[in-house]
Structure formats: structure tokens, C-alpha cells
Amino acid sequence: MFTIKVESIPVKIISSVQIRVVSVELYSSAKVEVSLLDAAGKMIERKSLLITGAEYQGWNEDSYLEALVLTKLNLTKYCEVPEGTAETGG
């Protein structure tokens, strides 16, 4: 064990995510690029994911890919309730 000088590390908050399909190998896999952005739209980090096997076979619409990417990156989508509308209980 050793001692280090304490430094302040700025915290970066992810405000939005962009997902781009880079390539698809039919019946096999898809490579996607995920950009993590701050509130100003500046990139914090870019990640590449390879979707294969059962995950690839399950991809039948965009919302599936979105949910899969968020799960893989341990992120949660935040849905705002528009102003002037009330949430209703079910």
C-alpha cells in the first residue's frame, strides 16, 4: 500500500446518449457506437458494443436495441412528464 496526493476529479454527468449502428453482419452480429453526452451536447465518452447471439437474434425494433444498450452500460432512461400534464395512477 502507498499514499498519494489527494486530487479533485471533476464529476461528469451523462445527460443523453446517441446510439449509431456501425455495421451489421446478417444473421450474426451488429456493432454499435454509443456516445455519452453532457447537457451541452459535448461528448464525455464513446463506447463500442458488439451485439451477438441471442441478443442479436432478439433485435426486432429500435426500442429493443436502445434498452439493450442502456442495460449493458448500466444506464436508466429518464422520461420527463411534460409541464401542464398530471401523472395518473393506475
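Biologist: Why does Tyr56 count as buried?

Modeller: Tyr56 has 11% relative accessibility, and buried means under 20% relative accessible area, whereas exposed means over 50% and partly exposed lies in between (1.4 Å probe, protein chains only), so Tyr56 counts as buried. This is a predicted model, in which local features need pLDDT of at least 70 and side-chain atom pairs count only at pLDDT 80 or more, while totals for chains, interfaces and linings use all residues. Residues are numbered from 1 along each chain as its sequence is written, and side-chain values use heavy atoms, with hydrogens and water left out.

Biologist: Why does Trp59 count as partly exposed?

Modeller: Trp59 stands at 24% relative accessibility, a value between the cut-offs for buried and exposed, and it therefore counts as partly exposed.

Biologist: How many aromatic pairs are there by the ring rule?

Modeller: The count comes to one aromatic pair. The rings of Tyr56 and Trp59 have centres 6.3 Å apart and planes at 75°, and rings of Phe, Tyr and Trp (its six-membered ring) pair if their centres lie within 6.5 Å, with planes under 30 degrees apart counted as stacked, over 60 as edge-to-face and the rest as tilted, so this pair is edge-to-face.

Biologist: What pattern does the protein chain follow along the sequence?

Modeller: The pattern is β-β-β-α-α, and the protein chain has two helices and three strands, where helices (H or I, at least four residues) and strands (E, at least two) are DSSP runs, numbered from the N terminus. Of the 90 residues of the chain, 18% count as buried. The accessible surface comes to about 7600 Å², and 52% of that surface belongs to carbon and sulfur atoms; such areas come from the Shrake-Rupley method with a 1.4 Å probe, and for residues only the protein chains shown count as cover.

Biologist: Why is Ser29 called buried?

Modeller: Ser29, which lies in strand 2, has a relative accessible area of 11%, and since this value is under the cut-off for the word, Ser29 is buried. Leaving aside neighbours within four places in sequence, Ser29 is in contact (heavy atoms within 4.5 Å) with Ser23, Val24, Leu50, Ile51, Thr52 and Tyr56.

Biologist: What makes Tyr27 and Asn74 exposed, and where does each lie?

Modeller: Tyr27 is in the loop between strand 1 and strand 2 and has 74% relative accessibility, so it counts as exposed. Asn74 is in the segment after helix 2 and has 71% relative accessibility, so it too counts as exposed. Each has a positive phi in a residue other than glycine, near 65° for Tyr27 and near 55° for Asn74.

Biologist: Which residues of helix 2 are buried, and what do they pack against?

Modeller: The buried residues of helix 2 are Leu65, Leu68, Val69 and Leu70, and they pack against strand 1, strand 2 (29-37), strand 3 (43-52) and helix 1 (53-57). Leu70, for instance, has 12% relative accessibility and therefore counts as buried. Not counting residues up to four places away in sequence, Leu70 touches Val17, Leu75 and Lys77. Leu70 and Ile19 are 51 residues apart in sequence, with their C-alpha atoms 10.0 Å apart in space.

Biologist: Which residues line the largest pocket?

Modeller: Ile14, Ser15, Ser16, Val17, Ile19, Glu66, Leu70, Leu75, Thr76, Lys77 and Tyr78 line it. On a 1 Å grid over the protein atoms alone, a pocket is an open set of points where a 1.4 Å probe fits, with protein on both sides within 12 Å along at least five of seven lines, and lining residues have an atom within 4 Å of a point. The volume of this pocket is about 260 Å³, taken as the space filled by probe spheres set on the points.

Biologist: What does each class, and each element, give to that lining?

Modeller: The lining has six nonpolar, three polar and two charged residues, where Ala, Val, Leu, Ile, Met, Phe, Trp, Tyr, Cys and Pro count as nonpolar, Asp, Glu, Lys and Arg as charged, and the others, Gly among them, as polar. Strand 1 (16-25) and helix 2 (62-72) each supply at least two lining residues, and strand 1 gives the most, with three.

Biologist: Why is Gly41 called partly exposed?

Modeller: Gly41, found in the loop between strand 2 and strand 3, has a relative accessible area of 46%, and so it is partly exposed.
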